[in-house]
Amino acid sequence: MLRNVIIFWIHGTMVYSHMEEGEGKDPNIVSGFLSAFSNFAKELGEGEIKSINMHRHMILMGIEGKLCFTTWFDQDDDELQGKLILEHIIEAFLAMYPNLNPKIPVELTAFENFNEILEEMNHIKNVYEVIESTSKILIIPEIQKMYEEKFGINISPAKIWLALNFLIKSDAIRTVKENNQIRYRKKGELLKGLSLKFKKKVA
């Protein structure tokens, strides 16, 4: 599950934070620490830090220009899916706020609309977990039912469809057209009922 998102200038000044309730962390302190850690790694010639594995969390990091984006996931989350979410967060933030300047302070309230993007990211990750949890080829109503049973959250078919399209474009899942229905399956799963017939050699 996507737990926290912190975006800061590479010199450490925080730009945006979305922290899970009850975490008890000061995002300003966290961004300063991550910035110092990142700069320390560069001084040692290690290059850009991509991830940090902790006891409970996996932190994924990405730098675009002078902005550093960090996302916090549960330790047992899928790292590939986490990277896809981080990439989407970076693209969305830069598209929504293209004129940021490290020399011009911006109130955190200016980024409140970005919370909607993070909510969608959680939906996408949850839909992915549903599909990965079974070898069945699913239609949207089945995904909706499994989603609501697994997470206890109501979700509309439209939100599921949007999440599925993101996952397809990210090459995380596959589509199967069957009996005029579009179904969805996890990547690498063999199609049900697929059989190969070989001609016998003629002596």
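Me: Is Thr71 buried or exposed, and at what relative accessible area?
Reply: This is a predicted model in which local features need pLDDT of at least 70, side-chain atom pairs count only at pLDDT 80 or more, and totals for chains, interfaces and linings use all residues. Residues are numbered from 1 along each chain as its sequence is written, and side-chain values use heavy atoms, with hydrogens and water left out. Buried means under 20% relative accessible area, exposed over 50% and partly exposed in between, with a 1.4 Å probe and protein chains only. Thr71 is buried, its relative accessible area being 1%.

Me: Which residue is the bridge partner of Leu60 in β5?
Reply: Helices (H or I, at least four residues) and strands (E, at least two) are DSSP runs, numbered from the N terminus. Two strands pair if DSSP finds at least two bridges between them; β4 (residues 57-64) and β5 run antiparallel and are joined by 8 bridges. In β5, Leu60 has as its bridge partner Thr71.

Me: How many of the residues of strand β5 are buried?
Reply: Strand β1 (residues 2-9) also pairs with β5, in the antiparallel sense over 7 bridges. Strand β5 (residues 67-74) is largely enclosed by the rest of the structure, because its buried residues number 8 of the 8.

Me: Which exposed residues does α4 carry on the face turned away from its buried side?
Reply: In α4, the buried residues include Ile140, Ile143 and Tyr147. They cover an arc of only 55° around the axis (taken from the directions from the helix axis to the C-beta atoms), so they lie on the same side of α4. The face of α4 turned away from that buried side carries Pro141, Lys145 and Glu149.

Me: How far apart in the chain are Glu120 and Lys159?
Reply: A salt bridge is a side-chain nitrogen of Lys or Arg within 4 Å of a carboxyl oxygen of Asp or Glu. Glu120 and Lys159 form one, with their closest N and O atoms 2.8 Å apart. This pair links distant parts of the chain, helix α3 for Glu120 and helix α5 for Lys159, and the separation is 39 residues.

Me: Is Lys125 buried or exposed?
Reply: The side chains of Lys125 and Glu129 meet in a salt bridge of 3.2 Å, N to O. Both lie in helix α3, 4 residues apart, about one turn of the helix. Glu129 is partly exposed at 23% relative accessibility. Lys125, at 1% relative accessibility, counts as buried.
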